[in-house]
Amino acid sequence: MPPRIEAKTLCDEAFLASLEHLRIVARRVAPRGRFAEQRSKDLGGGIEFRDYRPYSPGDDLRAIDWNIYRRLGRLFVRLFEEQEDLPLYLIVDVSKSAWHEEPPRAMAGLRTALALASISLGQHDRVGIFPFAEDLRVLQRPKAGKGRILHLANLVAGIEPGGKTDLVRSLATFSHLGLREGLVCVVSDFFDPAGIDAEIEALRALRHRLLLVRLARPSDKNPDLRGDLRVVDCEENTAADVSITPAVLERYREAYARFDTKLTEFARSRAVGLIEIDVESDVVTQLARLFEAGTLRV
Amino acid sequence: MNFTWLSTGIWLAGLGALATGLFLLQRLRVRHREVVVVTNLFWREAVEETRARVFVQRFRHPWAYLLILAIASLVWLSVAGPESSSSSSREHVLVLDTSASMSRGDTLRNALESVKRRARELPRRTTTVISAGSHVRTLLAPGEETPLLDQRATNLAADAAPSSLNRTIRSVCSGPLHADGADIEVFGVSPIDAELLANLPKNVVVSRASVPEAASDNSGITALGLSEPRSGAWSTIDLFVEVDGRGSARDANGAARGANAAARDVPGATLDVTAAMRGVTATLTLDGAPLVLSESGPLPDGRWRAIVRDVSARGGRVEARLSRSDALSADDSAALVLPMRPAIRVALSASVPSALRAVLAADPGVTLIVGEGEADVVVRRSDEAAKSAAPALVLVDEAAQPAAFVLQQPAAIDPDSALRRSYEALGLDEIDSTELAARAERPIELDLVQGTSRGISVWGSLFEPKFDFTATRSFPLFVARSVRWLAGDAARLGTTAAGEVRFGSDTAWTDAASRLFDPADGEVAFPRAGDVRDAAGRTLHVSLLDMQTTVLARDASPLPAPAGSSASGVFEPLPWIVLAALILLLVEWWLVRTERIP
């Protein structure tokens with residue numbers, strides 16, 4: 001059993017301060033959200049003028065543009081852009097593999113999730129946290145409030161390591177929650193025994209914007225293994241006997257490249273954000289580099 | 001290619017076993033090291049083909065197998081001790097001369113270094129190294145590693161002994177030799193008999209390696225001996241010493257000038273050959289006191305001889321010593337122990353013939369006494385009762401004894417040899433036995449019987465006038481020698497030389513190193529100079545007294561020219577095999593490091 005992660009280790013003042021200048025901006029958020037800072041598809045009582053429409057009874061008389069009425073003799077009401085929130089749903093991988101190596105991928109994954117949560121809460125967006133392993137569970141339903149970040153950190157610190165990775169099932173469970181369209185951020189290594197194709201199909205079925213945060217380390221691509229080995233999967237305990245030769249290593253790299261290409265192609269085709277986090281490096285530094293001019297557009 | 005330790009068949013069988021074992025090892029299931037990873041998704045894809053490496057499936061790494069087989073073969077080859085076959089067909093015997101002539105300065109050490117160098121050049125399987133000094137000793141047997149030679153030769157020193165090269169070469173040639181013959185290489189300065197070299201087996205070649213010699217300036221005592229006194233006095237003895245004192249003073253002509261030198265020939269305690277021999281002086285002492293020389297002078301071969309006459313034979317140690325030490329110390333001194341020759345007390349019975357009584361009375365070495373109690377020898381007739389256990393000369397009736405002379409002595413190992421020696425010792429060879437047989441009308445025979453002590457039984461009739469034996473010149477000789485023979489060993493001369501000189505003795509002797517010298521056939525030889533003792537505590541000084549050693553130690557030029565040339569050096573494959581194995585190991589290491597082989 002890996003040691004529990006302290007909340008202070010995941011999130012402290014310096015961590016939060018380093019994220020203050022980062023923003024997540026959506027092109028348009030789904031209507032009927034809470035008032036916030038994201039541009040919404042709703043037109044109503046915002047500040048920025050967006051359009052006109054003919055007056056219909058019941059409209060607010062204060063919205064009638066009397067200048068147009070004087071020129072055209074018809075009543076039009078001014079429409080303003082609504083600013084609403086972008087719910088952020090953090091689906092975080094806490095399966096056994098996330099805790100296997102040192103430093104554990106879970107550390108980087110949870111810190112990334114908290115970083116994104118902090119940014120979203122700072123924009124008055126609601127944030128929900130859904131850790132998953134064999135299945136998804138609700139750790140925190142979507143809620144807003146800047147001061148909630150420390151509460152979230154404490155919740156995240158209490159997460160117990162899970163079992164096998166089953167992202168497909170977890171995403172199906174998430175779909176059944178019936179949440180308002182928002183930004184689904186999947187934080188995982190995406191090493192699901194079902195395979196990358198099944199994962200992509202499950203992601204494709206989500207009716208949310210997607211941000212994929214891939215937790216990786218250099219040895220994933222170039223494993224530092226030599227000799228005659230029995231490679232045992234830490235989650236499933238399945239073994240593969242292998243005598244590592246240059247040819248075998250080359251085939252491994254080819255298999256990994258296929259996995260990588262499929263995930264990247266999916267992200268590109270669906271305009272999905274795909275972020276790769278090196279779990280052996282500082283998370284905030286990597287996020288800051290990935291946020292262009294401090295802004296991540298989704 | 002030949003192998004030192006293994007036969008070719010065994011080596012090939014071992015190689016086959018290695019190849020088979022390595023092949024099976026390559027085909028055996030691999031014992032995998034377990035590694036837990038985050039996922040083996042990609043490994044399962046990658047190892048789809050590598051799972052074929054299980055027992056009795058296709059051979060996966062032929063190049064790795066060939067490489068490890070090559071390395072194992074080279075190691076196995078080095079274990080077998082390969083040797084080049086071109087030079088190992090003949091047997092090589094390196095003979096290191098460790099006789100006294102090699103004791104000059106660093107001569108032996110130089111020779112030993114030459115032997116070591118040569119042994120390293122020759123194939124080990126067919127090379128033997130032996131040292132030839134007082135004993136022949138094997139320093140390196142065929143097949144042994146040359147470091148053993150260094151170890152065994154650590155305390156090797158020259159023996160105070162004459163050269164044994166001839167004996168050694170003869171022994172090597174008489175032993176089992178390789179079918180292709182043998183090369184005997186001599187490392188030393190001692191000469192080898194030309195006759196021996198001429199009669200060598202045709203497939204044996206004797207050569208002499210060049211040995212750096214220390215500069216020498218040697219003089220030595222070549223002889224120290226005793227002889228019966230010219231005066232005839234029984235209780236005295238004549239003593240002589242011979243000195244080769246020419247040393248390095250030989251002039252360019254190389255001729256010994258000693259014979260014509262005007263040496264002082266004045267009797268005295270010192271043999272002074274200064275004028276001829278450039279200051280070499282020999283002193284002769286008896287129990288530390290100088291002896292007075294009776295004569296001294298040059299011998300025809302250039303040596304000098306001094307004689308001391310009528311030295312009292314009452315024991316005592318005579319020592320000859322050169323005044324100046326030189327490169328060869330073993331011949332700078334010699335010693336002997338004088339015999340004890342007191343007058344023999346003889347008791348005669350009243351019935352003894354007058355002729356016999358007269359001869360004994362005239363013998364200066366005999367004292368006639370009355371009564372047998374204190375007698376050393378008794379002379380009586382057979383019908384008279386013996387009153388003591390002393391050895392007796394008994395006159396018996398002719399009819400009672402078939403043989404005219406019957407000798408009695410303790411049991412001998414070789415009775416025939418003992419009879420022959422006794423025959424000469426009694427002077428019977430001087431008797432005209434034909435004349436006696438004619439007068440007796442029967443054969444005159446000699447017989448030997450065993451008894452607790454010595455005794456002589458002789459026909460009493462021989463002393464009667466009809467035989468006329470008492471009137472012959474051999475009669476007093478027979479009587480005198482019989483009395484002395486009966487008296488025992490006290491008359492023996494107490495000196496001998498080292499080497500193959502035989503010393504008459506029936507008892508065993510022991511030297512300072514507790515080495516035992518047993519007599520054979522009544523004689524014993526002492527291989528090296530030094531004092532030896534017998535069980536009775538008597539001391540015998542064995543001196544080098546070898547003129548050849550003394551002369552060679554000064555000038556080895558008379559040695560015969562080497563016969564044949566030395567064998568050429570050989571190619572030693574072992575270092576190259578080990579080097580090749582190391583290179584292949586490096587190649588394997590590089591291949592493993594670069595992941596070209598698992």
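The model is predicted: local features need pLDDT of at least 70, side-chain atom pairs count only at pLDDT 80 or more, and totals for chains, interfaces and linings use all residues. Residues are numbered from 1 along each chain as its sequence is written, and chains are lettered from A and ligands numbered from 1 in the order in which they are written.

Entry on chain A. I looked up the contacts in chain A with a separation of 6 or more, and residues 24 or more positions apart account for 77% of them. I found 10 helices and 12 strands in chain A (DSSP runs numbered from the N terminus, helices being H or I of at least four residues and strands E of at least two).

Entry on the two chains. I noted that the contact takes 26 residues from chain A and 22 residues from chain B. On the chain B side, H2(B) gives the most, with 6 residues. I also looked up strand pairing (at least two DSSP bridges between two strands). Strand E9 (residues 228-233) of chain A pairs with E2(B) in the parallel sense over 5 bridges, and A:Arg230 stands opposite B:Glu34 in E2(B).

Entry on helix H6 of chain B. I looked up its buried residues (20 or more other C-beta atoms within 10 Å of a residue's own, C-beta atoms being placed from the backbone). In H6(B), residues 165-174, they are B:Leu165, B:Thr168, B:Ile169 and B:Val172. Their directions from the helix axis to the C-beta atoms fall within an arc of 95 degrees, so these residues line one face of H6(B).

Terms used:
Contact = placed C-beta atoms within 7 Å. Buried ≥ 20, exposed ≤ 12 C-beta atoms within 10 Å, placed from the backbone.
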